[in-house]
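Good morning, everyone. I have one model to walk through today, and I'll keep it brisk.

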Amino acid sequence: MEHNIYVYIAVMSAVTVAIRILPLTLIRKQVSNRFIRSFLYYVPYVTLAVMTFPTILYSTQTPASGGLALAAGTLLAWNGASLFKVSAACCIVVFLSEMILI
C-alpha cells in the first residue's frame, strides 16, 4: 500500500484550520456559562503543568531528585518565596540529592 504524503498534509491543514476558525465563527457573543468560563480560564495553566511536570521529574539523573526538588519548590512557593529563591533552592536540592543518591 502506497502512502500519499499530500493527503496527510491536506488532512493536517484542514484539522488545523478547523480548530482555529470554528470557534471564531460559531461563538459570536461572550460565553456566559460559569462552567465553560471556568474551564477556559484554567486551560493555559493545565497545559503548562502537563508539559512541565514530566520534565521536572525526568530531566535529572534520577526521578527521586526531581521529585525532591519539586517538593522543595512547591513548599517555598507556597510560603511566598520569590521565583529566584525557588529556582535556586530547587537547583541546590537536585545537586545535593544527586550527590547522595549516585
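Let's start with the tyrosines. Tyr 41, Tyr 42 and Tyr 45 are linked into a cluster by ring pairs. Keep in mind that this is a predicted model. In one of them, Tyr 41 pairs with Tyr 45.

An α-helix has 3.6 residues a turn, so residues three or four places apart point the same way.

Next, Tyr 42 with Tyr 45. This pair is tilted as well, at 6.5 Å centre to centre and 55° between the planes. Tyr 42 and Tyr 45 are 3 residues apart in H2, so about one helical turn separates them.

From Phe 53 to Gly 67 is 14 residues in sequence. In space, their C-alpha atoms are 9.8 Å apart.

Now helix H1. H1 runs over residues 5–26, 22 residues in total. How far does H1 reach from its first C-alpha to its last? The answer is 31 Å, close to the 32 Å expected at 1.5 Å a residue. H1 does have a kink of about 30°, and the kink is centred on Ala 18.

Look at the N-terminal end of H1. Asn 4 caps that end. A side-chain oxygen of Asn 4 lies 3.2 Å from the backbone nitrogen of Tyr 6.

On to the largest pocket. Its volume is about 180 Å³. Which elements give two or more residues to the lining? They are H2, helix H3 (63–78) and helix H4 (83–101). H3 provides the largest share, with 5 residues. The lining residues include Thr 52, Ile 56 and Thr 60. Also among them are Gly 66, Ala 69, Leu 70, Gly 73 and Thr 74. For those of you who think about cysteines, Cys 90 and Cys 91 are in the lining too. Val 86 and Val 94 are also part of it.

Pro 63 is partly exposed because its relative accessible area is 44%. Compare Pro 63 with Leu 26: they are 37 residues apart in sequence. C-alpha to C-alpha, the two are 45 Å apart in space.

Last stop, helix H4, where we find Ser 97. With a relative accessible area of 7%, Ser 97 is buried, because buried means under 20%. What does the side chain of Ser 97 reach? It reaches the backbone oxygen of Val 93, at 2.8 Å.

To recap, we have a tyrosine cluster in ring pairs, a kink in H1, a pocket lined by residues of H2, H3 and H4, and a buried Ser 97. Over to you for discussion.

Technical notes: Residues numbered from 1 in each chain as written. Predicted model: local features only at pLDDT ≥ 70, side-chain atom pairs only at ≥ 80, totals over all residues. Heavy atoms only, no water. Phe/Tyr/Trp six-rings, centres within 6.5 Å; stacked < 30°, edge-to-face > 60°. Helix = DSSP H or I, 4+ residues; strand = E, 2+ residues; numbered from the N terminus. Expected span 1.5 Å × (residues − 1). Bend = angle between axes of the 7 residues up to and from the residue. Polar contact = N/O pair within 3.5 Å; in protein donor to acceptor, adjacent residues only side chain to side chain. 1 Å grid on protein atoms, 1.4 Å probe; cavity = no way out; pocket = protein on both sides within 12 Å on 5 of 7 lines; lining within 4 Å. Points joined across faces, edges and corners; volume = space filled by probe spheres on them. Buried < 20%, exposed > 50% of the residue type's maximum accessible area, 1.4 Å probe, protein only.
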